[in-house]
Every structure is written in C-alpha cells, then in structure tokens.
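This briefing sets out selected features of one protein structure.

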Amino acid sequence: MSKENKIKRIVVKVGTSTITHKNGKTNIAKLAKLASVLSDLKNAGYEIILVSSGAIAVGLGRLKLPEKPADIKCQQAAAAVGQCELMFLYDRLFSEYDVVVAQLLFTTNELYNEESKAHLIDAFNQLIQYDTLPIVNENDSVSVDELLCGDNDVLSAIVASLIDADLLVIFTDTDGLYDMNPAQNENAKLISRVHNIDDSIIKAAGAAGEKGTGGFLTKIKAAQLATKNKIPVVIANGEKPTAIYSILNGENVGTYFEVND
C-alpha cells in the first residue's frame, strides 16, 4: 500500500455478519475486540469513523423475534429497538478505553441537499476535532429505501468521500474477494489486489455470497466509489479486527483496491 505512511483518517465498516452470531444474536466478543483495536488506533493518533450495520438483527434479538420479518414497518420497528441496544453496547465497550462515541444517523436525502450535506460534513469534522469516535448508520427507522437496498457498504464509501478519508476498511465474513465462491469451490483463490474494477471483478463479486443484506456486489460498488475519490479500500475478514495493524504496515491482507491516477 503506497499511502500507509500518510494514513490518518480511517473509515471502518462492519456488517451484520461480523457483529452477530449465526443465530442472529449479538456477538459480544467480536464487538469487544473491535472496540479494543479501534481505541488503540485512536491512541496511536489515527482518526477513526465506524460505519456499523446490525441494528435490525440486534433489534430482532431484543424483541425475541425468530426471523427477520418481510413487512417493512416491522423491520423499521426492529431497527429502532436495535439501534438503541447497539449504541448502548458500543458506548459501554468504548468507555472502557475512555473513548467517547457519537451517533450519526442519516439517509441519502441529506446528500441530495447541498446545505444538509454541508452541515453533515461540519458535524463529522467537529466530532473528530472533539476527539470522539463517530458511529454511523443509515436511519432505517424512517428510511424505507435503505431497508430495501441494504447499502451500508456504499454508505461507508460515501462517508469516506465526504470526510476525505485516507483509507476505507470493509470487514466482512470472508478473507476478501475470491475469484469464485469459496463455500462452493475449494479451488477458489483470494484476489489479493485489484488494479482496476472491471467485468471480471464484478463477476467474481456476484459469485461470492454472505449472510449480510448487502452481499459482495455492494462492496464492489463501495470500492468503485471510494477509489474514484482517491481512497484505497481493503476488504478483510471481520473475525480478525487486528488485521488493521497489518494493513497499516503495508502487508497483504484481504483484498486491496488500488487508487488509479
């Protein structure tokens, strides 16, 4: 990675599959490890912004609902419950390291209005100046479009672009992007570096599956958006948040998407 010695502002995105168990309940151990690593990075002088999915899944667990309802209004209600629980957990875990967290919920509507977008950027920058760790999610309780699209991957790239981040790390439930689905083909090979997002990369993304709403295609869309705005992207396994240290040391971790000049 050519920018590792210049990296200061990092956007980290975690998906539902990264912070929950297979039964849908919150994975406290993973959240605790994530908080530990991100807090340590802040102590090292990095500016960290976390984009976190999982509100609906956590809400379903809190409401003791066995599965995700098809009804949008039920998903919105679950998101409202889950967002409170998720932020409570983040606040408690980060507080152990004396890190103050802040919550930012918004929809794509704010991005279409220049005044609203400017206020959003000001809020981000002020929170970073206050040495907080902003935690971002789409406002699923009021926005039906986001629920239908499941696009927190793209949201992370939008956030990275808005605040002029130096790196976007997308944690998922695989080691990165493979040339075919590793769950179905033992000969699947990890694509460690992507120079250009062409049809072959998009085809590979379509073959890769995961349990989160976005899937791998939205991660490729996020990488396209971020790299277009001169922000490199790494897709890595959320089982090991300590991988960020290796990424910052310039080691090959996951799939790295280059910025083309």
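Helices are DSSP runs of H or I with at least four residues, numbered from the N terminus. On that basis, helix α8 is followed by D164, whose phi is positive, near 55°. The model discussed here is predicted.

**Helix α8**
- Helix α8 spans residues 152-162 and is mostly covered, with 10 of its 11 residues buried.
- The buried residues of α8 are N152, D153, V154, L155, S156, A157, I158, V159, A160 and L162.

**Packing of α2 and α4**
- Helix α2 (residues 28-43) packs with helix α4 (residues 72-95) at an angle of about 50°, and their axes lie 9 Å apart.
- The two helices, α2 and α4, are therefore oblique to each other.
- The crossing that α2 and α4 form is right-handed.
- On the α2 side, the contact is made by I28, L31, A32, L34, A35, L38 and S39, and on the α4 side by L89, Y90, L93 and F94.
- Classified by residue type, the contact of α2 with α4 comprises 10 nonpolar residues, 1 polar residue and no charged residues.

**Overall make-up**
- The protein contains 11 helices and 8 strands.
- Of its 261 residues, 53% count as buried.
- The protein exposes about 12400 Å², of which carbon and sulfur atoms supply 48%.
- Among contacts between residues at least 6 apart in sequence, 74% join residues at least 24 apart.

How values were computed
Residues are numbered from 1 along each chain as its sequence is written. This is a predicted model: local features need pLDDT of at least 70, side-chain atom pairs count only at pLDDT 80 or more; totals for chains, interfaces and linings use all residues. Side-chain values use heavy atoms; hydrogens and water are left out. Axes are lines fitted to C-alpha atoms, for helices over the stretch in contact, and angles run from 0 to 180 degrees between N-to-C directions. Angles under 35 degrees count as roughly parallel, over 145 as roughly antiparallel, 65 to 115 as roughly perpendicular and the rest as oblique. A crossing is left-handed if the near helix is turned anticlockwise from the far one by less than a right angle, and right-handed if clockwise. Contact means heavy atoms within 4.5 Å. Ala, Val, Leu, Ile, Met, Phe, Trp, Tyr, Cys and Pro count as nonpolar, Asp, Glu, Lys and Arg as charged, and the others, Gly among them, as polar. Buried means under 20% relative accessible area, exposed over 50%, partly exposed in between (1.4 Å probe, protein chains only). Accessible areas come from the Shrake-Rupley method with a 1.4 Å probe; for residues, only the protein chains shown count as cover.
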